[in-house]
Amino acid sequence: MKQDMIVILDLGSTENAGLARQIRELGVYSEIHPHDITPEELKKLENVKGIILNGGENRIVGGSAVDITPELYDCGYPILAIDHPSARCDRTLAALPDVSVLKEFVFDTCQAKANWNMKNFIEDQVELIRRQVGDRKVLLALSGGVDSSVVAALLIKAIGKQLVCVHVNHGLMRKNESESVIEVFKNQLKANLIYVDAVDRFLGKLEGVADPEQKRKIIGGEFIRVFEEEARKLEGIDFLGQGTIYPDIIESGTKTAKMVKSHHNVGGLPEDLKFALVEPLKQLFKDEVRACGVELGLPSSMVYRQPFPGPGLGVRCLGAITRDRLEAVREADAILREEFEKAGLDKKVWQYFAVVPDFKSVGVKNNARCFDYMVILRAINTVDAMSATIERVDWDVLGKITDRILAEVEHVNRVCYDMSPKPPATIEFE
Ligand code: XMP
């Protein structure tokens, strides 16, 4: 292993992720592991230079304090304990330690080297993936999103054609998105890629369905069924690759978190198709995943793409999806993205997209009355997607986008800009 490591044992503190980031900012790799890790498991991690315990108020579960495996105290690793022992429920959260305290612990006490960088991370992960997978096969659902693309590139580097990628085109992708997945992964990286054209199947299932939640359920459910069908056709698959990243794990709760919900990236496949998981990004934060993608040579349009909802354009073609409005939303979105890039807004604005509602308005085209759809443009900034403010887009840029949409997109006679912050509006319309 290339990198020294400081292990944070998860005693329930909500600040563990911040602590790991602080240590990584010092140039030393840090991972968070469950509090009940055994000495044997810890030794397998290799290059562990020290341990940090941080519990905070969540350390108390069901009235009793959670502690680490007692033998760990005698394993010889330097241990820094924050807020410990503090087996009292009325404690407030422990503050993160001062950076000088951390530095002293990491560099003086643990003698860790500042050798955390993406190149070393990738080398370590490649070795770990090869050890885990051996000569067996891994299956991966490759949507073309940041996380699945980076995990695919990493797995290709580690095991090449032992990775089988399945890309399902559900017809709700943005313009040229499926094409770029094929170009990058099949043509450039020579991946073993199965492309599934499921457009008619998805649009058929969605026909006449107007309720947003019902649409989401159909898209999510159908995706699993298509993926499952492909998985059943393949032989000798032992592993499922997943683009799980650290924030997914935090959302799902950990052993010591008060509310544990099931991992939203795992599951869905039937019992007889349960594979062992390969999740090489699960310790990374989003910006680190992007850096990993850049280091692996993925195009920046793929690595820095804005967030895109799982149900895709399906929740931006409002109400019951029709092919003409779906095409209109796809074309308008492509124009918006192109013009934002030209204006340098793509690097500034967090999320921007087009929506087409399911009603028409009166207009005039070629000296005749027309009755057509409208496109609503939305551009927002946010830190965590829980609240958002709108981007005050330059009037000329909006004018240019409007002109192009009205000239180039069929069935559209009106363009609006959404001025609403979240709350009370949400970012998406459905
Ligand atoms: P809202 O509309 O709730 O969106 O303000 C917050 C963020 O979540 C994205 N979003 C989704 N992502 N599946 C996803 O993977 C979904 O069903 C979904 N709905 C919303 C949205 O694009 C925004 O970034």
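**Exercise 1.** Which side chains does a polar contact of 2.8 Å join? Find them, then describe the setting of Ser-361.

*Solution.* Before starting, note that this is a predicted model, in which local features need pLDDT of at least 70 and side-chain atom pairs count only at pLDDT 80 or more, while totals for chains, interfaces and linings use all residues. Residues are numbered from 1 along each chain as its sequence is written, and side-chain values use heavy atoms, with hydrogens and water left out.

Step 1: The side chains are those of Ser-361 and Arg-414. A polar contact is a pair of N or O atoms within 3.5 Å; within protein, one must be able to donate a hydrogen and the other to accept it, and residues adjacent in sequence count only if both atoms are side-chain atoms.

Step 2: Go to strand β13 (residues 360-365), where Ser-361 is found. Strands (E, at least two residues) and helices (H or I, at least four) are DSSP runs, numbered from the N terminus.

Step 3: Ser-361 has a relative accessible area of 12% and is buried. Buried means under 20% relative accessible area, with a 1.4 Å probe and protein chains only.

Step 4: Leaving aside neighbours within four places in sequence, Ser-361 is in contact with Cys-370, Phe-371, Asp-372, Asn-413 and Arg-414. Contact means heavy atoms within 4.5 Å.

**Exercise 2.** Why are the buried residues of α3 on the same side of the helix?

*Solution.* Step 1: In helix α3 (residues 99-109), the buried residues are Leu-102, Phe-105 and Val-106.

Step 2: These residues lie on the same side of α3 because they cover an arc of only 85 degrees around the axis. The arc is that of the directions from the helix axis to the C-beta atoms.

Step 3: Recall that an α-helix has 3.6 residues a turn, so residues three or four places apart point the same way.

Step 4: Look at the cover over the buried residues of α3, which includes β1 (5-10), α1 (16-25), β3 (48-54) and β6 (79-82).

Step 5: Continue past α3 to Gln-111, whose phi is positive, near 60 degrees.

**Exercise 3.** Is Gly-12 buried or exposed?

*Solution.* Step 1: Find Gly-12 in the loop between β1 and α1.

Step 2: With 5% relative accessibility, Gly-12 counts as buried.

Step 3: Now locate Gly-55: Gly-12 and Gly-55 are 43 residues apart in sequence, and their C-alpha atoms are 5.2 Å apart in space.

Conventions:
Buried < 20%, exposed > 50% of the residue type's maximum accessible area, 1.4 Å probe, protein only.
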